[in-house]
Amino acid sequence: MKQEPLLAFGVLFGAANAKCDPATIQAALPGGASVNFAYALAANSTFEVPKSSTGYPTNAVNLPALCAVSVQVESISNSTFGFGLFLPDDWNGRFLATGNGGFGGGINYLDMGAGVRYGFATISTDTGHNSSTGDGSWAYQHPERVENWGHLAMHGSVVVAKAITAAYYAQNVSYSYYSGCSTGGRQGLKEAEFYPEDFDGIVAGAPAWWTTHMQPWTARVALYNLPTTADYYISAELFSTINTEVIKQCDPQDGLVDSIISDPKGCNFRPETLLCGANATPNATSCMTGPQLNTLYKIFTDYLAENNTLIFPTYWIGSEGQPALLTGSAPNPLGTDYIKYFLSKGPDWNYSDYNDDIVELSDSINPGKATVGFDLSAFHNRGGKILSYHGMVDPLIPTSSTPYFYNHVQRTLAPKSIEIDSFFKFFLVPGMGHCSSTPTKMNAPWYFAGPNQQSALDQRVYSVPGYEDEEHDVLLAMMAWVEKGRVPSYVVGTKYVNETTHMDVVRQRPLCMYPKQAKYKGEGNVNDAQSWECKSLY
């Protein structure tokens with residue numbers, strides 16, 4: 001893929017004549033919307049997040065000169081939602097919306113900061129409430145808030161923010177993009193399904209698309225390992241031991257010993273090699289008992305209904321190294337708060353009462369219409385593009401849920417004579433966790449400037465330091481696909497020696513579009529992307 005600088009995608013448009021004040025912004029708003037604030041920031045400034053913002057309290061730093069705007073919009077049943085908007089003085093003529101995470105309410109100014117450094121007019125919605133990402137109590141008996149979170153707030157924010165942008169620069173947006181991971185990935189796919197006119201290109205990482213099943217699974221998978229006093233309980237320390245054995249067995253099986261499991265589905269892993277001997281000490285962290293092996297097999301088995309239909313696909317091996325949902329004294333609130341508050345079981349509901357009827361209830365309610373359907377034909381028909389991806393050791397959202405979604409979209413669109421590969425591509429990221437980063441044991445090339453990644457690397461960073469081009473930056477790859485027709489076959493992942501200074505590179509590797517997989521050519525430096533090629537698995 002040819003490398004080109006950002007300016008190859010268009011000139012910058014100045015905002016010298018635009019006024020950054022509440023009156024000017026208010027004049028651009030439709031009825032039912034009002035300005036909270038609007039003020040200018042000089043280059044290299046820090047945007048101070050309002051203290052009332054619970055979900056995303058981190059300031060955005062090292063910003064270009066811009067106009068910072070906050071707007072409140074009336075929604076259904078006397079509810080409201082808000083959004084933040086950064087309007088850069090040097091505008092690239094484009095619009096970018098950024099996503100949220102979990103159940104979080106609040107404006108993600110941190111990801112807006114990453115987006116505005118490209119020159120985008122950049123927004124984030126608060127999804128209609130204020131909460132931390134793991135707190136779902138705001139949803140209890142408030143279906144209007146859940147509907148805002150599910151889809152209304154993002155769409156409504158985009159529509160109003162585009163109107164402000166056009167008025168501020170006296171020019172319509174040329175292209176519109178979206179970038180989000182986790183719940184943010186779900187929001188992007190939901191936009192493609194419900195509001196195909198909103199975006200030209202959508203980057204959707206680790207999408208939490210199957211809300212009605214994933215949140216109950218989050219509670220169910222934890223119950224396999226509870227209570228903590230049971231003889232079958234696996235501690236965090238023992239999961240680390242299991243992970244070491246997984247890497248030991250599975251790393252060589254993918255064809256190259258490099259500490260990274262590139263093909264977890266192709267690995268024949270035998271956990272029985274960790275069985276304790278006769279003289280093992282109680283609560284050992286170096287070996288496993290028979291009951292603990294049973295627990296491990298349950299965790300790595302898809303969640304099935306009694307009639308063997310799939311409820312939710314489970315983890316791929318390698319994910320056990322960061323057992324975020326598996327080792328608490330109770331299931332993660334992303335599961336239990338959903339059941340208590342989104343399904344209206346109430347704050348006194350006890351997770352020990354969980355059964356599969358919860359999934360049927362969830363399907364019948366479909367809170368906020370948040371689950372994404374498979375018919376994305378309207379987005380295809382207007383020429384939209386989707387780039388999705390998923391870390392292969394994701395400890396929060398099982399990696400397998402994304403190929404499941406992609407394959408079912410293909411099943412839905414093929415009878416309509418739509419070739420999915422013409423508008424929707426996704427890639428898997430060996431060794432990457434949830435949205436960003438990599439376990440120390442793997443040291444995998446995980447960085448490609450995806451949503452949430454720039455702030456995880458360095459809150460001041462722009463694009464991929466040293467490699468600001470479409471081959472290494474997924475957002476620039478999306479722009480090249482939409483605007484230049486250059487279809488991406490891979491995106492290069494980067495791992496820096498020091499992820500604070502990001503001066504030197506440990507590894508780079510192509511992250512191939514599904515169903516292809518990166519394979520070592522058999523010669524050359526294994527840490528050099530040029531030593532790898534994308535090959536079909538069949």
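Author: Two strands are said to pair if DSSP finds at least two bridges between them, and the helices (H or I, at least four residues) and strands (E, at least two) are themselves DSSP runs, numbered from the N terminus. This is a predicted model, in which local features need pLDDT of at least 70 and side-chain atom pairs count only at pLDDT 80 or more, while totals for chains, interfaces and linings use all residues. Residues are numbered from 1 along each chain as its sequence is written, and side-chain values use heavy atoms, with hydrogens and water left out.

The part to look at is an open sheet of nine strands with mixed pairing, whose order is β2-β5-β6-β9-β8-β10-β11-β14-β15. Its edge strands, β2 (33–41) and β15, each pair on one side only. From one strand to the next the twist averages 15°, where axes are lines fitted to C-alpha atoms, for helices over the stretch in contact, and angles run from 0 to 180 degrees between N-to-C directions.

Within this sheet, β11 and strand β14 (residues 385–391) run parallel and are joined by five bridges, and valine 203 stands opposite leucine 387 in β14. Helix α4 packs on the sheet, where it touches β9 (121–125), β10 (175–181), β11 and β14, and its direction makes about 140° with that of β10. Helix α13 packs on the sheet as well, touching β8 (94–98), β10, β11, β14 and β15, with a direction that makes about 155° with that of β14. Contact here means heavy atoms within 4.5 Å.

If its neighbours within four places in sequence are left aside, aspartate 200 is in contact with Ser174, Tyr175, Ser176, Phe379, Arg382, Gly383, Gly384, Lys385 and Val482.

Helix α4 also meets another helix, for the axes of α3 (residues 143–169) and α4 come within 10 Å and cross at roughly 70°. This makes α3 roughly perpendicular to α4, on a scale where angles under 35 degrees count as roughly parallel, over 145 as roughly antiparallel, 65 to 115 as roughly perpendicular and the rest as oblique. The residues that make the contact are Trp149, Gly150, His151, Met154 and His155 of α3, together with Thr183, Arg186, Gln187, Lys190, Glu191 and Phe194 of α4. Sorted by class, this contact has three nonpolar, five polar and three charged residues; Ala, Val, Leu, Ile, Met, Phe, Trp, Tyr, Cys and Pro count as nonpolar, Asp, Glu, Lys and Arg as charged, and the others, Gly among them, as polar.

Finally, two loop residues on the way from β15 to α13 can be compared. Asparagine 443 lies in the loop between β15 (424–429) and α12 (453–457), and serine 463 is found in the loop between α12 and α13 (474–484). The phi of asparagine 443 is near 55°, a positive value in a residue other than glycine, and the phi of serine 463 is likewise positive and near 55°. Asparagine 443 is partly exposed, with a relative accessible area of 27%, whereas serine 463 is buried, with a relative accessible area of 0%.

Conventions:
Buried < 20%, exposed > 50% of the residue type's maximum accessible area, 1.4 Å probe, protein only.
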